[in-house]
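Welcome, and please take a moment with the sequence and the 3D view before reading on.

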Amino acid sequence: MAKQEQWGSRVGLILAMAGNAVGLGNFLRFPVQAVNNGGGAFIIPYLICFLLMGIPLLWMEWGMGRFGGKMGNHSTPFIFDTLGRKRLWKYFGVFGIFTNIAVASYYCYIESWTLSYVFHSIGDTFTGVSQADTSYFFLRYIDVSKSTTGIPFEGVIFFVICLVLNTYILSKGLSGVEKVAKIGVPMLIGFGALLAIRGLTLGTSAASPEYPEANAWEGINFLWTPQFDSLANPKVWLAAAGQIFFTLSLGMGTIHCYASYVRSKDDIALNATTSGFANEFVEVVLGSLIVIPIAAGYLGIDWVLDNAGFGMAFQTMPFLFQQWGLVLAKIAGVLWFGLLFFAGITSSLAMGTPWIGFVKDEFKLPHKVAAWSFGLIILLFGLPTVLGYVSGYDENGKISFLAQPIFDEYDYWAGTVSLVVFALAEAILFAWVFGINKGWKEINRGADMRIPGIFKYILKYITPLLLLFVFVGSLITPPSITVVKADIKDPSKQEFLQNQMQEAGFVDIKVKGNSVQGEMSKNDFKALFPGIKDFRGWIETSETGLTKENYRLNDYQDWGLEFNNLISGKGWNLDNESLIKRVMNGAQHQRIQLHKEAMAQLGESREDLKARENHTDQIQLIEQQIMLANIGRTLLVILFSGIAFLVYMAYLKRKKEGRA
Amino acid sequence: MNTSALITMVLTHGTVISLLIYFSRKVLKTPPKAEQADDESEEA
């Protein structure tokens, strides 16, 4: 038998695993999740989920991978097959290849943005450009019909460059991946540390006449002020558990694949723990000190709360760096986008290895052919994410609306739902089918640290239960309701606000002493005010006269109410973000319905005809989004079915060879 | 910066950094296991 490929060094393995986990999400998703879930409210559930779900799942996946690798299996279909006697398990293992290909298809695209922005930072593209124009530059970049550099289809070209780079490194085998990890991970930590120091020391020094109250400390305050009442809010727990999944690259199959190249006598317990904490260092320490504090330092915390999102990395940071002067702006741009690029590539390389391992193991493909076949598949499934966008233009031909439905569908189904389904299946397989006693022995074999015995029970009971909670929670999420509570003493102003709220569509409006309170579900809000990001935006644009000092917003999901509704036969209301509503395109259909209702109210005057035309355009845009979303889903189904078919073929081949 | 935020941040950052240093040191200090052929018959 040919000598099995193995990791060159322990440090290389840990850095590759850490590089796999550390991704764009550490710098972009974590702070945004924290901001959207109440800041300090988020951190406690997040850390608890890391201990009860993240670390146990890391040990489990490393253990499964090493166990499967011993039998010559380097991808999850047949790693699962070695753990469970039933044939069905290997088809759950299909997720471990499917997710990687689907995620890599859009992840390489994001990675290509970072690469392109490195060049734009060096090339002074953002010098002297306003915040609005920096933000608009990103839209022009995504809209591939509008070139930012004069090169036609610039977005496609950078995507292909990035893909070729990934595939070339993958074609060099594990040593290529290890080399990139040894360079990329320390570099991204170094770059991140430099920017984090800036975020930590910015304070009020960046306040400008336009944003006189800007203060970086407020950003840090918001992220870190603990709010213990959040522990009772399931929405925050779901978000925290989701982030742990995403950040540690759990439920993907990459960890199994990397661990399958570990020698059977070598440690996995300490290696897994160290790589997990390396990821947490990048996320919790560095990730929390860059985007939010720097943006709050220049634009104020209110701006951050209104605009927190993935786009901040590309739409805001280049503008903020310009405030540091020409030379520093260039350096900061290269550091920031270089950091994101290294974070991205060390993860996307990991996504290539399960497919390569699978076709090498089962169909004896040479390594280089396996690697380039991965590149070709990503090109086929990735191009629709680049080209499948919907854009709307104003009278001057400027982009007024842009959505990426195929990209979003890949992200939702492969990058979110599949992770949970796969992790739930593997937790049951490992702890209940393979058996926790054998599993515990496997994790501890060759261990260089003693894992506390309590984790055996956590692995058996708590982790699967938490995963079940996350899965059910995302399946039937009740509507997210926002309560607006305003402190107003003047009775006439109270009445005025009540009327404003009533007109806007708030329900349960009441006056209690000096406060006026009203609530509205986010489903309704998004449908009624599609151009406004959230309630804070509504307050600012409405004539309520409220200021940030005299109102508060609280989000909750009323699970109790929905249970009572269900028992009393009134059914169960779903949030538009729930899995079931998502399948049915609930949010889009609700928006179409509202446009149709508004059109029904219109007469024949010139203004009304113009409004009717506007509603018709909006409906068309929404319908295009639904169509592209359905194309995205079809592609995912084709991908999953194709891999499942190959697994079946491999099974038949093994059977013929007497290996099944 | 308010006191409770400062305490939470310092505690969380301190814990994460300390544990990362602790585990990394352990990795670097543990001598590599001797090269040997994987004994598959041992595993059941």
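**A walk through the two chains**

At 6% relative accessibility, A:Glu178 counts as buried. Keep in mind as you look that this is a predicted model. A:Glu178 has a salt-bridge partner in A:Lys182, and the closest N and O atoms of the two are 3.9 Å apart. Both belong to helix α10 (residues 174-201) of chain A, and because they are four residues apart there, about one helical turn separates them. An α-helix has 3.6 residues a turn, so residues three or four places apart point the same way. A:Lys182, for its part, is partly exposed, because its relative accessibility is 40%, which falls between the 20% limit for buried and the 50% limit for exposed.

From here, let us turn to other charged pairs. Over all chains, the count comes to 18 salt bridges. One of them joins the side chains of A:Glu442 and A:Arg66, with 3.4 Å from N to O. This pair links distant parts of the chain: A:Glu442 sits in helix α22 (residues 436-444) of chain A and A:Arg66 in helix α4 (residues 40-70) of chain A, 376 residues apart. Are these two partners buried or exposed? A:Glu442 is buried, with a relative accessible area of 4%, and A:Arg66 is buried as well, at 1% relative accessibility.

Another salt bridge brings together the side chains of A:Asp266 and A:Arg263, at 3.0 Å from N to O. A:Asp266 has a relative accessible area of 18% and is buried.

Now look at where the two chains meet. Here 28 residues of chain B are in contact with 35 residues of chain A. The area buried between chain B and chain A is about 2,800 Å², and carbon and sulfur atoms give 66% of that. How many salt bridges are counted between chain B and chain A? The count is one salt bridge, and you can find it where the side chains of B:Lys33 and A:Asp448 meet, 3.1 Å from N to O. By class, the side of chain B that touches chain A has twelve nonpolar, eight polar and eight charged residues. Between the two chains there are also eight residue pairs in polar contact, with both residues at pLDDT 80 or more. B:Lys33 and A:Asp448 belong to a network of salt bridges that also links A:Arg10 and A:Asp267.

A search of the whole structure finds 45 aromatic pairs over all chains. Take A:Tyr106 and A:Phe407: their ring centres are 5.2 Å apart and their planes stand at 55°, so the pair is tilted. A:Tyr106 lies in helix α7 (residues 95-122) of chain A and A:Phe407 in helix α21 (residues 405-433) of chain A, so the pair ties together parts that are 301 residues apart in sequence. A:Tyr106 is buried, with a relative accessible area of 2%, and A:Phe407 counts as buried at 8%. Both rings are members of one aromatic cluster, which includes A:Tyr109, A:Trp113, A:Phe159 and A:Phe337 among its other members.

Next comes helix α15 (residues 291-299) of chain A. Why is this helix described as largely enclosed by the rest of the structure? Nine of its nine residues are buried, so the description follows from that count. Among these buried residues are A:Val291, A:Pro293, A:Tyr298 and A:Leu299. After α15(A) comes A:Gly300, whose phi is positive, near 90°.

You will find A:Asn215 in the loop between α10 and α11 (216-224) of chain A, and it is buried, at 16% relative accessibility.

The walk ends at A:Ser578, in the loop between α27 (559-567) and α28 (579-583) of chain A. At 0% relative accessibility, A:Ser578 counts as buried. Leaving aside residues up to four places away in sequence, A:Ser578 touches A:Tyr412, A:Ser474, A:Leu475, A:Ile476 and A:Thr477.

Note on methods:
Residues numbered from 1 in each chain as written. Chains lettered and ligands numbered in written order. Predicted model: local features only at pLDDT ≥ 70, side-chain atom pairs only at ≥ 80, totals over all residues. Heavy atoms only, no water. Contact = heavy atoms within 4.5 Å. Buried area = accessible area lost by both parts, 1.4 Å probe. Salt bridge = Lys/Arg side-chain N within 4 Å of Asp/Glu carboxyl O. Polar contact = N/O pair within 3.5 Å; in protein donor to acceptor, adjacent residues only side chain to side chain. Nonpolar A, V, L, I, M, F, W, Y, C, P; charged D, E, K, R; others polar. Phe/Tyr/Trp six-rings, centres within 6.5 Å; stacked < 30°, edge-to-face > 60°. Helix = DSSP H or I, 4+ residues; strand = E, 2+ residues; numbered from the N terminus. Buried < 20%, exposed > 50% of the residue type's maximum accessible area, 1.4 Å probe, protein only.
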